[in-house]
Amino acid sequence: ISLPLSYNDQKNRSYPVIYLMDPYRGFSLAKGLTDLLSFPFPFIQEVVIVGVGYGGEGTEALQKWALGRTRDLTPVQNDQTEGFIRAQLEARGVPDAQVKTGGASLFLEFLARELFPVIETEYRIHSNDRMLSGFSFGGLFGLYALFHQPELFNKYFIGSPSIHYKDQITFSYESMYAEQHTDLKAEIFMSAGSLEEETSSDVRKMQTLLLSRNYESLRLKTVVFDKEGHASSAAAATNRALIELFGTE
């Protein structure tokens, strides 16, 4: 958990909160950027960051991260993904890993029923100003949350989302939501790198679909970063998401 610089001095002040998926790789980046952009020249609001991770050190942390995110951030079971992650872990000295997928619904329930109440009791945050920050599988999970329980967050950073997962099932979630709703109240920053051609194409398609619904309450900004790949776009995307969603101007 990262608290803003003014947190201990301004006892009567509450703050927006970012729930950060994949803090194993993204926490230091998000914290560094929020510190940089909020003081001494405030370009964004001060925020609390809650990294939702899996603990451990060294190889254990890598294993917990890979297994935890693969289980929690994917919407349905997928043999192909499980085999890929298992092979990646084996190549890094972790044999016979028990890889599971398809836990997004339970993970979303955990956030809403267990994590939110704890954080909102222990820290001074705005319960109506929550951002879900997700990259790659985290972006996939962000779209899952958006189309299943959009009211849990009012802001979404969806970076390089794995929309290709399980035959692009996320597009079916978008379609089902559109059939049952006339509005989508959310502020979204969605991005990809131009060098990740499949992902950037899927992001553009999702943008087109969402805009075609004419949701009155939807605010959507999409950027494809030129000459950036999947990993290399993360820093630029996180920076731009913070400015778009928490900018002071």
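Strands β4 and β5 (residues 186-193) pair in the parallel sense over 5 bridges. Here, two strands count as paired if DSSP finds at least two bridges between them, and the strands (E, at least two residues) and helices (H or I, at least four) are DSSP runs, numbered from the N terminus. This is a predicted model, in which local features need pLDDT of at least 70 and side-chain atom pairs count only at pLDDT 80 or more, while totals for chains, interfaces and linings use all residues. Residues are numbered from 1 along each chain as its sequence is written, and side-chain values use heavy atoms, with hydrogens and water left out.

Let's look across from β4 to β5. The bridge partner of Phe157 in β5 is Phe189. Right-handed means that, with the strands pointing away from the viewer, the path from the first strand over the helix to the second runs clockwise.

Now turn to the other neighbour. Strand β3 (residues 125-135) also pairs with β4 in the parallel sense, over 5 bridges, and there Ser133 stands opposite Phe157. The chain passes from β3 to β4 through helix α5 (residues 137-148), and this β-α-β crossover is right-handed.

Why is strand β4 largely enclosed by the rest of the structure? 5 of the 5 residues of β4 (residues 155-159) are buried, so the strand is largely enclosed. Buried means under 20% relative accessible area, with exposed over 50% and partly exposed in between (1.4 Å probe, protein chains only). Both faces are covered: Lys155, Phe157 and Gly159 are buried on one side, Tyr156 and Ile158 on the other.

Stepping back, 6 strands form an open sheet in the order β2-β1-β3-β4-β5-β6, with parallel pairing. At its edges lie β2 (48-52) and β6 (218-225), each pairing on one side only.
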